[in-house]
Amino acid sequence: MGVHRTHYVCLPCRASYKQEYGPDRARRCPRCAAELIHAGSAFAAPRRSDAPAWRALTVLLTAGVGFHKSCCGGPGFRPRTPRAVRERLAHAAATGEPVVRALTRDDLSFADRRPGKPGSRPL
């Protein structure tokens, strides 16, 4: 049986490294020695030159959103642009929804639809 490997990210270097999983030790970036963040096994790193995508990714990872496989569907929706992240953070602040849940919501148009609210459609 093989060793389970997963992705770890260094945000200052904009680099991703695949290493064997083990929560018992801190991982360090081989380039800058900063601590690596566990991103998950379904993580796909943006290009190093794509600064907006890395800004969005920084918000996601520091908020605790991971890219882990969940059954057959993969990690689910993750915003890829700073604008999408800002929209979801504003939604979380306005509604009181937890930030992690707002960041992983794929559609904000139905987020505030509650039964009995004027203009709402049934879910």
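Predicted model: local features only at pLDDT ≥ 70, side-chain atom pairs only at ≥ 80, totals over all residues.
Two strands count as paired if DSSP finds at least two bridges between them.

Select residues 5-10, which make up strand S1, and then residues 37-40, strand S3. S1 and S3 run antiparallel to each other and are joined over 3 bridges. Show the side chains of Tyr-8 and His-38: Tyr-8 stands opposite His-38, a residue of S3.

The open sheet now has its 3 strands, in the order S2-S1-S3, with antiparallel pairing.

Next, the helices. Select residues 51-63 for helix H1 and residues 82-95 for helix H2. Their axes lie 8 Å apart and the packing angle is about 30°. Angles under 35 degrees count as roughly parallel, and H1 and H2 are therefore roughly parallel to each other. To see the contact, display Pro-52, Arg-55, Ala-56 and Val-59 on H1, then Pro-82, Val-85 and Leu-89 on H2. By class, the residues of this contact are 6 nonpolar and 1 charged, with no polar residue.

Last stop: the largest pocket. How much space lies in the largest pocket? About 250 Å³. Select Ala-44, Phe-67, Arg-78, Pro-79 and Arg-80, which are the closest to the pocket centre among the 15 residues that line it. Colour the lining by class and it shows 12 nonpolar, 1 polar and 2 charged residues.

Conventions:
Residues numbered from 1 in each chain as written. Heavy atoms only, no water. 1 Å grid on protein atoms, 1.4 Å probe; cavity = no way out; pocket = protein on both sides within 12 Å on 5 of 7 lines; lining within 4 Å. Points joined across faces, edges and corners; volume = space filled by probe spheres on them. Nonpolar A, V, L, I, M, F, W, Y, C, P; charged D, E, K, R; others polar. Helix = DSSP H or I, 4+ residues; strand = E, 2+ residues; numbered from the N terminus. Axes fitted to C-alpha atoms, helices over the stretch in contact; angles between N-to-C directions. Parallel < 35°, antiparallel > 145°, perpendicular 65-115°, else oblique. Contact = heavy atoms within 4.5 Å.
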